[in-house]
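Biologist: I am new to this structure and would like a close look at one part, the packing of helices against each other. Please describe that part in detail and then place it in its wider setting.

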Amino acid sequence: MAIDVLMPALSPTMEEGTLAKWLVAEGDHVKSGQIIAEIETDKATMEFEAVDEGIVGKILVAAGTAGVKVNDPILRLIEAGEDANAAPAPAAAKAAPVAAAPLAAAPTAAAVAVVSKASPDWPAGTPMKTMTVREALREAMAEEMRANPNVMLMGEEVGEYQGAYKISQGLLDEFGPKRVVDTPITEIGFTGIAVGAAWGGLNPIVEFMTFNFSLQAIDHILNSAAKTNYMSGGQLGCPIVFRGANGAAARVGAQHSQDFAAWYASIPGLKVVMPYSAADAKGLLKQAIRDPNPVVFLENEIMYGQSFEVPDLPDFTIPFGKARIWREGTDATIVSFGIGMRYALEAADILAKEGLSIEVIDLRTLRPLDYDTVLASIQKTNRCVCVEEGFPVASMSDHLASTIMQRAFDYLDAPVITCTGKDVPMPYAANLEKLALVTTAEVVAAVKSVCYR
Amino acid sequence: MAAKSTTADTGATAGKKSNVSKDELLKYYREMLLIRRFEEKAGQLYGMGLIGGFCHLYIGQEAVVVGLEACTKEGDKRVTSYRDHGHMLACGMDANGVMAELTGREGGYSRGKGGSMHMFSREKHFYGGHGIVGAQVPIGAGLAMADKYKGNDNVTFTYFGDGAANQGQVYETYNMAELWDLPVIFVIENNGYAMGTSVKRSTKSTTLFGRGLAYGIPGEQVDGMDVLAVKAAGEKAVAHCRAGKGPYILEMMTYRYRGHSMSDPAKYRTREEVEKMKAEKDAIEHVRDLLLGAGLANEDELKAIDKQIKDVVNASAEFAKDSPEPSVSELYTDIYA
């Protein structure tokens with residue numbers, strides 16, 4: 001009986017990958033456990049082992065094919081004397097078109113096109129290039145490391161492994177082990193060391209593999225890095241960046257799925273950045289590395305592989321405390337940041353089809369926070385919905401709602417609605433996980449509610 | 001690898017050394033006495049309500065920091081815990097600025113915004129003053145990392161107590177400091193008590209420096225009540241670090257005469273124990289005896305020094321009382337660099 005070998009999922013967030021290389025040919029005998037292919041995910045190139053034994057009857061996806069969806073058949077194993085073309089029919093039919101398919105455009109990339117006005121962040125006419133958030137972050141670090149010999153990166157697997165999420169890929173080769181430092185798995189220890197190194201004159205970038213592990217080190221982020229400039233009467237600023245994946249990824253459960261935006265944004269002495277687009281990721285990370293203060297830079301694993309237009313400039317930064325208006329509108333304002341922008345922009349698209357003109361604001365930095373842009377928008381639209389993936393209690397959205405209530409009460413035609421993650425630890429089950437996060441449908445409903453529609 | 005354990009009788013050895021100069025002994029005497037009189041005055045001001053909050057006095061432990069400061073050169077760094085007044089005075093920070101910080105005044109090192117536990121001086125390479133037990137240990141290693149990165153031969157003195165020695169981050173730091181050969185001296189000021197918990201009640205380890213051996217870090221126990229023994233051990237540790245051989249641990253066996261903080265009733269030890277240490281092991285009396293015994297100084301000379309120190313301390317108290325409270329506009333300054 002022929003067996004179709006399927007494209008494997010090799011990371012929690014992998015939906016497709018590139019079949020980099022076949023290590024077997026048609027007619028070869030394959031043993032269980034034998035490495036048969038190399039598959040490239042957005043994080044790494046992985047070896048793929050056969051589970052079943054058999055003869056390679058047919059290679060269904062050619063080497064070098066990109067965009068192969070998880071669970072698509074890639075190879076057919078047959079028994080001796082069996083016909084390679086007569087096989088588990090339903091799956092085989094799907095294989096051919098997938099193999100030829102180009103890299104699917106990320107749904108969020110399309111959102112770039114709806115930006116309603118030129119960015120204030122770079123001059124009109126600036127040439128743009130398409131880039132993933134991952135590449136943007138790597139470029140930002142590489143450019144700043146080239147420009148300043150005291151900028152260095154440290155963290156778990158940032159060097160030889162090339163980054164757990166491939167953000168630091170190539171940096172060890174270019175800058176060497178003195179400036180790209182692999183640490184043992186000791187968050188509080190290496191974070192404290194990095195703070196000391198910053199006081200000693202370096203500009204460390206500390207990568208937390210994910211911000212969940214920053215809890216081990218939060219004492220140094222708050223008590224050592226954030227407060228000492230104040231406690232020293234201005235003598236001891238701490239030029240350091242804490243960066244890494246924050247928030248829910250996919251199916252990794254409660255301990256690895258938490259958004260710390262509101263936690264860190266509540267601390268005076270820290271600056272907190274949470275970019276959505278690749279251009280913002282690059283410009284804001286470069287700004288963070290140059291800032292003389294501790295900056296918490298919150299990335300998102302799901303966003304790493306998303307592509308955006310990024311200005312093709314040798315050097316550009318984006319200032320802190322400047323929100324970006326992604327689309328202008330008159331009926332209601334959606335305020336969001338980070339991955340929350342996905343829901344905000346999707347909702348605005350849906351609502352536009354129903355005749356509602358929605359202004360969408362990406363805060364980009366949570367501390368300092370651009371209150372003026374938010375309040376000016378509300379003076380225009382008189383309605384506001386705040387969107388984020390974090391927990392609802394003491395969320396950024398709560399803070400925004402309270403600020404809007406205190407500073408723009410007379411302009412409001414409806415109470416501000418906050419759309420957040422649910423008040424539960426992140427469940428593992430796929431259906432429950434979806435429910436625990438904020439959804440586009442909830443944002444659409446909230447906007448309709450504040451518009452009394 | 002050095003793993004030598006020496007006990008309290010090194011004091012006798014050092015005391016008989018004839019090659020210690022009069023100037024050197026007088027310098028130690030003066031510096032230790034300044035710390036003691038300063039701390040006594042701080043205790044007094046606390047009692048008067050001029051100093052608030054937590055105030056941890058260094059009385060009894062003076063020989064540790066004075067002996068180690070004698071091993072430093074310009075560029076060397078130091079970082080310690082909240083029991084930090086002695087370290088600041090020993091590295092040359094101004095008594096007025098320290099005392100005025102204790103009273104929360106504009107003339108303080110942190111302009112009144114840090115307090116007893118949070119003072120810093122970039123000029124003197126003093127990096128705090130840290131209120132979280134053990135947090136200064138990786139910070140000290142990080143300061144050393146910056147020096148190694150820059151390729152100089154500076155050394156960082158990282159002080160912590162026997163209580164902090166049980167914090168996990170200390171061992172994370174040991175591991176990385178040795179892995180990366182960082183020029184850091186870990187100085188464990190073992191005064192026998194972590195607040196009210198004696199070392200015996202918190203660990204079965206017989207030495208604290210010995211734990212470093214598991215990470216490959218050499219170290220030794222030193223009579224921390226004998227400034228000459230401290231100095232000798234410090235020189236050895238400094239030579240190790242400056243030669244690029246990585247970290248070194250000095251476990252200073254010392255004793256704090258006062259409570260953990262001003263609000264400590266000290267029920268965890270007997271009055272006799274404290275009095276015995278004062279009578280038999282006092283670091284200042286030890287140097288005084290050396291000076292007088294060897295005929296290097298007479299009572300009048302020492303009295304004159306006592307008077308000078310008293311004047312400095314009294315002046316610092318006056319300064320700390322007269323310096324105004326920070327302007328209310330200071331509330332929102334210095335949050336960001």
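Modeller: In chain B, helix H6 (residues 136-150) and helix H7 (residues 168-179) pack with their axes 8 Å apart, at an angle of about 20°. Residues are numbered from 1 along each chain as its sequence is written, while chains are lettered from A and ligands numbered from 1 in the order in which they are written. This is a predicted model, in which local features need pLDDT of at least 70 and side-chain atom pairs count only at pLDDT 80 or more, whereas totals for chains, interfaces and linings use all residues.

Helices (H or I, at least four residues) and strands (E, at least two) are DSSP runs, numbered from the N terminus. Axes are lines fitted to C-alpha atoms, for helices over the stretch in contact, and angles run from 0 to 180 degrees between N-to-C directions. H6(B) and H7(B) are therefore roughly parallel to each other; angles under 35 degrees count as roughly parallel, over 145 as roughly antiparallel, 65 to 115 as roughly perpendicular and the rest as oblique. The crossing of H6(B) and H7(B) is left-handed, a term used if the near helix is turned anticlockwise from the far one by less than a right angle, with clockwise being right-handed.

H6(B) contributes Val137(B), Pro138(B) and Ala141(B) to the contact, and H7(B) contributes Gln169(B), Val170(B), Glu172(B), Thr173(B), Met176(B) and Ala177(B). Two residues are in contact if their C-beta atoms, placed from the backbone, lie within 7 Å. By class, this contact of H6(B) with H7(B) holds six nonpolar, two polar and one charged residues. Ala, Val, Leu, Ile, Met, Phe, Trp, Tyr, Cys and Pro count as nonpolar, Asp, Glu, Lys and Arg as charged, and the others, Gly among them, as polar.

A second pair in chain B is formed by helix H2 (residues 22-47) and helix H11 (residues 283-293), whose axes come within 10 Å and cross at roughly 150°. H2(B) and H11(B) are therefore roughly antiparallel to each other, and their crossing is left-handed. On H2(B) the contact involves residues including Leu25(B), Tyr28(B), Met32(B) and Arg36(B), and on H11(B) residues including Ile284(B), Val287(B), Arg288(B) and Leu291(B). The contact of H2(B) with H11(B) has 11 nonpolar, no polar and two charged residues.

The C-alpha trace of chain B spans about 55 × 55 × 40 Å along its principal axes. Of the 337 residues in chain B, 55% are buried; a residue is buried if 20 or more other C-beta atoms lie within 10 Å of its own, exposed if 12 or fewer, and partly exposed in between, with C-beta atoms placed from the backbone.

Chain B also meets chain A, where 34 residues of chain A are in contact with 32 residues of chain B. On the side of chain A that touches chain B, helix H5 (187-199), helix H6 (218-226) and helix H7 (228-231) of chain A each supply at least two residues. H5(A) gives the largest share, 10 residues.
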